Structures are given as structure tokens and as C-alpha cells.
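Please open the model in your viewer and keep the sequence panel beside it. The tour below moves from one selection to the next and says what is to be found at each stop.

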Amino acid sequence: MRVLITGARGQVGHELMRLAPEGFEAVGMGSAELDIANADRMAAMVEQVRPQLIVNAAAYTTVDKAESEPERAFAVNRDGVANLAAAAERLGIPLLHISTDYVFAGDASEPYREQDATGPTGVYGASKLAGEQALLAGCSRPMILRTSWVFGAHGNNFVKTMLRLGREREELSVVADQRGCPTSAASIARALWSLARQYREQGSLHWGLYHYSGTPACTWHDFAQEIFRQAHELGLLPRLPVVHAIATAQYPTPARRPAWSVLDCSKLREAHGIAPSDWRDELRAVLMELGK
């Protein structure tokens, strides 16, 4: 089965290409090769590749920069997804798409379910929500995975930032009043490939919107401490830095982050047998890769 993977140079796209199972021909394209916001070029490329499935890992993900570049964020995260949905519909094939916890307001106290009310507080979240809506409206075989706090050995992310700071500083401060679920790019890729296998074998899926993130929930401060603990144990850090817990208000950013980003992933497990991974195990694998 031929699968077109857009955003193949990003965190998840890189893992999708690396973990492509036997029996799948993964055709990966980064933004330099395929700008999904360019409708004509994208339609021509999809027609040329003639995939049997599209996985969209392309996105504008620079959360703070999106506040000053809303046009570009919406061009990629909304219009680009609409373009892909139209292309998939013309070919009569599914489109698997990655979305985000930022579609929610972050003011809950229980894990968010797929049917809970959305309410993004910034441009990035609003553009991703618009992309979800465009996909559901424009494609009859849509599969959306909302995820959170993505990390991996490839690309820029919190784990790699903490490793750099941990080597440079003896003390640092990390936000402790935002709670969510770290999720490895590799585990997202495995979930998407599991869906692709099910589609190949069954000819269909339970289409729609799902949540997929790591477990258990934690704060950024908790996450940082576990990164340092494991990195020190693996010999990647010469010492354990002191990590001070601070409030979000003490670390202002252009975009407001959700205080609560915990996702309920039970629907995906019940419909497709895909369960969350323990992010601590995933973290160890990433750190070992970075330590090679």
C-alpha cells in the first residue's frame, strides 16, 4: 500500500518514515517538496503519487510565532488541511491527520473527551481547530488524532531543550501549574501505522475524531525532573540540576498555554485497540537514541 506522508521532515513525520511497516510504501515529503497550503501544486503532486492513504504530519507548530503570523498559521493548519481533504476525496482514500490539545481552553479538571466543547485561547489552537473542521467537512474518510506535548530525538522539543539547559546551568525554573501528557513522536507514528494496517486489512475504520497521548499526566516541572533523572542515569548529564517550580505567570509567553491538557484516550482504545504508551519508557528510548 502506497502512503503519502506530508510533513515528513518534522518530529512525527520523521518517525513515520523510520517506522514504516513491511508492506507499505511510504512516500515522504517535507514542506520544501510539498507546501500543503499551495492548492494547485499539492493537487498535482497527490495526483502524481496516487497514494492509497494520506497521513498529514505537516503543520505550523510555532505556537508563540503564530500570534504574529496568523495568516501563515491558518494557511497551513486550516487551508492546507482543506486542500489535502479535497485531494483525498477526489481519490476516494482516507486522510489521517494530527491535531492538538490546544483546541481546548485548558480550564477543565477532568480529562478532555472528543465530544467536549473546544475553546482555543491562541492563534495556533484556533488554526488547528479550523483544520479539524475543514477535514471533517471535506473528506468522507477522516481520521483525526489529537495529541499533546510531543517529543522525540528528531527536531526541536522540550526534552532536547532541557538537556541543553541541564548541561549549561546548575539551576533552572520550570512551570509547575500546567498539566498534560507528554507523547513521543514514535508512539504517535506507531498509532498511525496501526490504523493504516487496520485499514489495509479491513478496508475501513471507525472514522472521526480521537485522542492519543502518553500516560500518566504530569506538569512540565515533573517532566523536566524525569528528563534530568533519566539523562543523569544514562550518563548524558554530569550532574542533576536543581529545578525550581514556578507559576505560568512567572514565565510569560506571547501565546497563552492551556493549564489543563489531559486527554481521555479511551475512545481510540475501544474502537481500534490502540492504548497510550507510558511516556517515561518512551523518554528513555529517546534519550538512548540521543546518547548514541
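Select residues 1-289, whose end C-alpha atoms lie 29 Å apart, and colour the span by secondary structure: 42% of it is helix and 17% is strand, where helices (H or I, at least four residues) and strands (E, at least two) are DSSP runs numbered from the N terminus. For these residues UniProt lists, in an unreviewed entry, "domain: RmlD-like substrate binding"; UniProt positions are given in the numbering used here, feature names are shortened, and annotations may be inferred rather than shown by experiment.

The model is a predicted one, in which local features need pLDDT of at least 70 and side-chain atom pairs count only at pLDDT 80 or more, while totals for chains, interfaces and linings use all residues. Residues are numbered from 1 along each chain as its sequence is written, and side-chain values use heavy atoms, with hydrogens and water left out.

**Aromatic rings**

Next, show the side chains of Phe, Tyr and Trp, whose rings (for Trp the six-membered ring) pair if their centres lie within 6.5 Å, with planes under 30 degrees apart counting as stacked, over 60 as edge-to-face and the rest as tilted. By this rule the count comes to 10 aromatic pairs. One of them to select is F158 with F223, a stacked pair with 5.3 Å from centre to centre and 25 degrees between the planes. Because F158 lies in helix 6 (residues 158-168) and F223 in helix 8 (residues 220-233), the pair ties together parts that are 65 residues apart in sequence. F223 counts as buried, at 0% relative accessibility, on a scale where buried means under 20% relative accessible area, exposed over 50% and partly exposed in between (1.4 Å probe, protein chains only).

Then move to Y210, where K267 lies over the face of the ring at 4.7 Å from the ring centre; a charge sits over a ring if NZ of Lys or CZ of Arg is within 6 Å of the ring centre and within 35 degrees of the ring normal.

**Backbone stops**

Most residues other than glycine have a negative phi, and most peptide bonds are trans. With that in mind, where does W149 lie? W149 is placed in the loop between strand 5 (142-147) and strand 6 (150-151), has a positive phi of about 50 degrees although it is not a glycine, and counts as buried at 9% relative accessibility.

R50 also has a positive phi of about 50 degrees without being a glycine. Look for R50 in the loop between helix 2 (39-49) and strand 3 (53-56), where it counts as partly exposed at 44% relative accessibility.

Now select T215 and P216, which are joined by a cis peptide bond with omega of about 0 degrees. P216 is found in the loop between strand 10 (208-211) and strand 11 (218-219).

**Enclosed and open spaces**

On a 1 Å grid over the protein atoms alone, a cavity is a set of points where a 1.4 Å probe fits but cannot get out, and a pocket is an open set with protein on both sides within 12 Å along at least five of seven lines; lining residues have an atom within 4 Å of a point. How many cavities of 30 Å³ or more does a search of the whole structure find? The search finds one, and about 60 Å³ of space lies in the largest cavity. To see its lining, select V63, E67, Y102, T121, G122, V123, Y124, G125, A255, R256 and P258. Helix 5 (residues 123-138) gives the most to this lining, with three residues.

Finally, go to the second largest pocket, which holds about 220 Å³ of space. Its lining has 15 residues, of which E15, R18, A153, V286 and E289 lie nearest its centre. Helix 1 (11-18), helix 7 (185-202) and helix 10 (279-290) each supply at least two residues of this lining, and the largest share, four residues, comes from helix 10.

Definitions and conventions
Grid points are joined across faces, edges and corners, and a volume is the space filled by probe spheres set on the points.
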